[in-house]
Amino acid sequence: MLLLACRRVVLSLAVGAAAAALSVLPASAADPAQLIQSTATEVIEIIKKTTPGPARQADIQRVLQTNFDLPYMGQQALGANWNKASEAERTRFLKAAETAEARAYSERFGQYGGQTLTVGKVTPRANGLFIIDSQLSQTSGQPIKLQWEVRDAGRGPRITDVKVEGVSMVMTRRSDFNSYIQSHGGSVEPLIAELESRAAR
Amino acid sequence: MHFKVQAACATLLPRFWPGIPRACGGPGLALIIESVSKSMTAGVRRSVVAAAMAATLVGGCASGDTGAAEVWDPIETPNRFVFAINRTVDMIAVRPLAVMYRDGVPEPAQKSVRNLLDNLGEPVTAINEVFQGDPSRAATTMARFLVNSTLGLAGLFDVATMLGMKRTKTDAGQTIGIWAAKGVEPENGGFYLMLPLAGPSNARDATGLMIDYAIDPFQILPIALNVDWFYYSAPRYALTVVDYRSRTMFALDDLEKNSVDYYAALRSAYTQNRAELIRAKREKTDTKSELERRDNIALVR
């Protein structure tokens, strides 16, 4: 009896150890691709089940918050001006930018008309980056090339950029914000005010 | 002036972008453009080469920054002015027309118009593919043109795609970008230029537009055959504008709505898109430097 108990204990210990070992393995290449696929599925579900409006925007904002690394993207979008901003300004900026992004994505996805996203090659790069190529089928014409950048900073893989036909969302926003900041005296405050007023609309 | 630019570029060398010294200026570019332009008539050649030489000599450091390079825009004020005019004309005339076209004209008719316009552009694409060193693709494009012009009733029906010949589109701006000297990044297209009506462009692409216009058989032939401008050129370019506007409407509306500075966002998006088209073709011979570039950007971030 003692022997059986021992064996069971040993077995459960072994299973536990195996599970623990698996969980500390580095993220396999399948995870980023799965992240993209699950994001797409979640968004499609939301679009199907909700009508355009604040509820849909809130749902999509939640998807963005879990699957995208929004603080990192916001920091990238501010570029060199991040260092010039105070802590309070950074928080306000991230919050306003997040709402703006959620609204933008909500409207973009609202145009979804049954296209399918085919996830393709996953390329691991240095610094924990993964580049995932994918294609969005179109009803007429060539499929759109989407390239996703996924980064694992310890909290699991998160999307940090989307490139549509080579146009990076983060880079475009960075140019946009930078130009606005330069033309408004070089401080981040006017930009934050503008983003907040847009979020409030 | 050329040497001053070079000296300035050398001092701005960022640590993580080894290609920077060669990315400024681009004498190789000028040589290539010269050879391409030798096949054109003297008048056109002079103006094209003048523009191209101007673009390369004042090539400047578009990539003075690390990571995300700001597009070099030395004539930003006139560009913004032209942009404002473009937007007004667009809002008053072009966009309503494009909306009426998109909503009113039945989908098959829109497809036929697009096929027709694409077919008229195939010879230029084929010529550019030859210059890009891709003769097999050029042969496919010419085959597409022949099939669609005959079986497809002057291009209204895209029979060639059904037969398995995929459509490719390229232009002289991409050809110049591909032939540019090794250190010239695809993002570096010379100074940014906002063309009246035609929209965003840069020194390289505007030169490309002029070259394409000059070598387009469907622009040379009507003149040689004394076809009145009213019967061919005007309808063709009007249709091109409306069709193109209706196709890009979603993307441009999205960009305008979600940017605080539409001009800057459009400038960035345009430059990135063109760079991607060129990079996709250069990548075949330049994979190592492309991966290095991505690694460098990751480091800088």
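A residue counts as buried when 20 or more other C-beta atoms lie within 10 Å of its own, as exposed when 12 or fewer do, and as partly exposed in between, with C-beta atoms placed from the backbone. Helices (H or I, at least four residues) and strands (E, at least two) are DSSP runs, numbered from the N terminus.

Before you start, note that this is a predicted model, where local features need pLDDT of at least 70, side-chain atom pairs count only at pLDDT 80 or more, and totals for chains, interfaces and linings use all residues. Residues are numbered from 1 along each chain as its sequence is written, while chains are lettered from A and ligands numbered from 1 in the order in which they are written.

**Stop 1: a helix in chain A**

Select residues 70-78 of chain A, which form helix α4. Its buried residues are L70(A), M73(A), G74(A), Q76(A), A77(A) and L78(A). Now show what covers them: this includes α3 (54-67), α5 (87-110), β4 (157-164) and α6 (169-183) of chain A. Contact here means that the C-beta atoms of two residues, placed from the backbone, lie within 7 Å. Just after α4(A), pick G79(A), which has a positive phi of about 60°.

**Stop 2: the sheet**

Next, colour the strands of chain A. Five of them form an open sheet in the order β1-β2-β3-β4-β5, with antiparallel pairing; two strands pair if DSSP finds at least two bridges between them. Strands β1 and β5 of chain A are at the edges with a single partner strand each, so one side of each has no neighbour in the sheet.

Zoom in on β1 (residues 117-124) and β2 (residues 129-136) of chain A, antiparallel strands joined by six bridges. Across this pair, V122(A) faces I132(A), and P124(A) stands opposite F130(A). Four residues lie between the two strands of the hairpin, where N127(A) takes a positive phi near 65°.

**Stop 3: where the chains meet**

Show both chains together: 25 residues of chain A are in contact with 23 residues of chain B. On the chain A side, α5, β5 (167-168), α6 and α7 (189-200) each give two or more residues. Which element gives the most to this side? It is α6(A), with nine residues.

For the contact itself, select M171(A), T172(A), S175(A), D176(A) and S179(A) on α6(A), then A264(B), A265(B), R267(B), S268(B), A269(B) and Q272(B) on α13(B).

**Stop 4: the cores**

A nonpolar core is a set of buried Ala, Val, Leu, Ile, Met, Phe, Trp, Tyr and Cys residues joined through C-beta atoms within 7 Å. In the largest one, of 54 residues, F93(A), I132(A) and L191(A) have the most contacts inside it. Beyond its neighbours within four places in sequence, L191(A) touches F177(A), Y180(A), I181(A) and V260(B). Another core, of nine residues, lies apart from the largest one and includes A172(B), W179(B), A180(B) and V184(B).

**Stop 5: chain B as a whole**

Finally, select chain B, which has 14 helices and two strands. Of its 301 residues, 35% are buried.
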